[in-house]
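User: I would like to learn how to read a protein model feature by feature. Please take me through one, with the general idea before each case where there is one.

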Amino acid sequence: PGRNAETTNGCTMAEHHALLARHHEGLLPPLEPHLPSYRDPSAVSAFLPGSVGQAALHRGSDVLSTRSPSPAPAAQEPHQPSVAYGRSAVSKTLRVLKDLSEQPEEEGQGTADLKKKNLKVLLECLVDHSSIGEAIMQGEDGDGLALLKSLLSDSEADVRRYTAEVINRYSTLLQGRKQICVSGCVEMLADLLQDPSSADVRIASGKALNHLVTAMDARDEICNHPEGPAVVVKVVRALLAISARDSEISTPSLIPILYECLSHLLVAEKATELALQEDLVPLLIHTLKRRMHKVASLKVLVSLCGHSQGKRAAIDNGGLQAICGMLTSQETVERQLSARATLLMCVDESGKHKAGILVPNLVQQLYSTDHDLYKNALLAIRSISESPSTRVLVMKVCIDSSTAPLNTIQALEDDPEMQARVHNDHRVHLAAFRYETGSPSTA
């Protein structure tokens, strides 16, 4: 019976065992080790993608011997931001951005997304002077800033925003500021202040422009450049458009940034003349009267009053009345800036006669422990006292008793020491006293 069983299936026992051996061939250990294996197999070595082909869990199996010892590397997309990791990250990313900018915009949303991703990676890299210097060296031949200039005019709002932030990082170094001023990016940043699509673009360009003009070298370069006056006009017009009632591009957080920017730009005489033609002073005085953006607007007022035309425009539009209350502000910087602006306006002939409203607060500042406040107040009182009518007012004006010593002084006449100090200052510095004789009370 057994002999019949061997032949009933149509094959001999030897053939049957040969089939079994072939079936279990994959379970046999390899004849010679084809890959180095770990001494202690673990889940870490077994399940990582990089461990494909390593006999970690299946030591006795030869199934993997027919596969490649290391899998073929995955196809790498050259425009993905992953190329930035490793050495030369800045140069790699700039090279990718250049390739993307040369592609036609008809490629679709994919190219815009790649630009945004690579710009984000570039911003992550530009964190210290070495990386920023590397980026600037890449643009010494003109390609670097030309690339950023082309990205500033991109159709995607986020691309323009991140590009403005990159330019802001460039402006931290002297070489970067030189390249920005020469390349024409300043004019494009000024144009983006009124970008209708995104407030983030307007804020980023305003911060970049403000950071740039804070440096004296860049400010002089812009003011002396043929296109420099146009930048000042664009900044003033953007400020007027943003501050307008029911404006479509209303951006309240951008207003103090633009005021800061103008306080640096208006140091130049030509810039002040152009700003006065754009009706900047009425908006500035209105802002001061409403006590909005006080420090930034006071800086602009001080810069304007540094020029004769700006000084007269501020006086004619009620600048002295607008800053009267700020002379007694709780903030020291507001008192200092308002005293400085008062002094500049009182130097003008028309300002001396209109400054009577400021006399009580100026006399009050004479008791300040801050030397800058005391000196500015004393100089302003000296200028005001050149007019005989206000000179008497200085000595007889009532002051706030809470700030006077021992709360006993109601007027400067009640404090002989301070009165003598002011009177001696007048006698030394005012030409009018050379022809007048009288007691200190009537001086």
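User: What does the accessible surface of the protein come to, and how much of it belongs to carbon and sulfur atoms?

Analyst: A caution before the numbers: this is a predicted model. The accessible surface comes to about 23100 Å², and carbon and sulfur atoms hold 53% of that. Of the 443 residues in the protein, 45% are buried.

User: How many helices and how many strands does the secondary structure come to?

Analyst: There are 25 helices and zero strands.

User: What is Ala275 in contact with, beyond its neighbours within four places in sequence?

Analyst: Ala275 is in contact with Val236, Leu266 and Leu280. Ala275 is also found in helix α15, and at 0% relative accessibility Ala275 counts as buried.

User: Where are Asp246 and His293 placed?

Analyst: Asp246 is in the loop between α13 (228–243) and α14 (255–265). His293 is in the loop between α16 (280–289) and α17 (294–305). With a relative accessible area of 74%, Asp246 is exposed, whereas His293, at 25%, counts as partly exposed.

User: Next, pockets. How much space lies in the largest pocket, and which residues lie nearest its centre?

Analyst: The largest pocket holds about 300 Å³ of space. Its lining has 16 residues, and those nearest the centre are Ser243, Ala244, Ile255, Arg290 and Met292. The elements that give two or more residues to this lining are α13, α14 and α16. Of the elements, α16 gives the most, with three residues.

User: What does the lining of the largest pocket have by class?

Analyst: The lining has seven nonpolar, six polar and three charged residues.

User: Last, the cysteines. What is a disulfide, and how many does the count come to?

Analyst: A disulfide is a covalent bond between the sulfur atoms of two cysteines. For a model, the test is a distance: the two sulfur atoms must be within 2.5 Å. By this rule the count comes to zero. For Cys261, the nearest cysteine sulfur is that of Cys223, 9.7 Å away, and Cys261 is in no disulfide. Cys346 is in no disulfide either, with the sulfur of Cys305 the nearest at 9.9 Å.

User: Are Cys261 and Cys346 buried or exposed?

Analyst: Cys261 counts as buried, at 1% relative accessibility. Cys346 is buried too, with a relative accessible area of 0%.

How values were computed: Residues are numbered from 1 along each chain as its sequence is written. This is a predicted model: local features need pLDDT of at least 70, side-chain atom pairs count only at pLDDT 80 or more; totals for chains, interfaces and linings use all residues. Side-chain values use heavy atoms; hydrogens and water are left out. Helices (H or I, at least four residues) and strands (E, at least two) are DSSP runs, numbered from the N terminus. Buried means under 20% relative accessible area, exposed over 50%, partly exposed in between (1.4 Å probe, protein chains only). Contact means heavy atoms within 4.5 Å. On a 1 Å grid over the protein atoms alone, a cavity is a set of points where a 1.4 Å probe fits but cannot get out, and a pocket is an open set with protein on both sides within 12 Å along at least five of seven lines; lining residues have an atom within 4 Å of a point. Grid points are joined across faces, edges and corners, and a volume is the space filled by probe spheres set on the points. Ala, Val, Leu, Ile, Met, Phe, Trp, Tyr, Cys and Pro count as nonpolar, Asp, Glu, Lys and Arg as charged, and the others, Gly among them, as polar. Accessible areas come from the Shrake-Rupley method with a 1.4 Å probe; for residues, only the protein chains shown count as cover.
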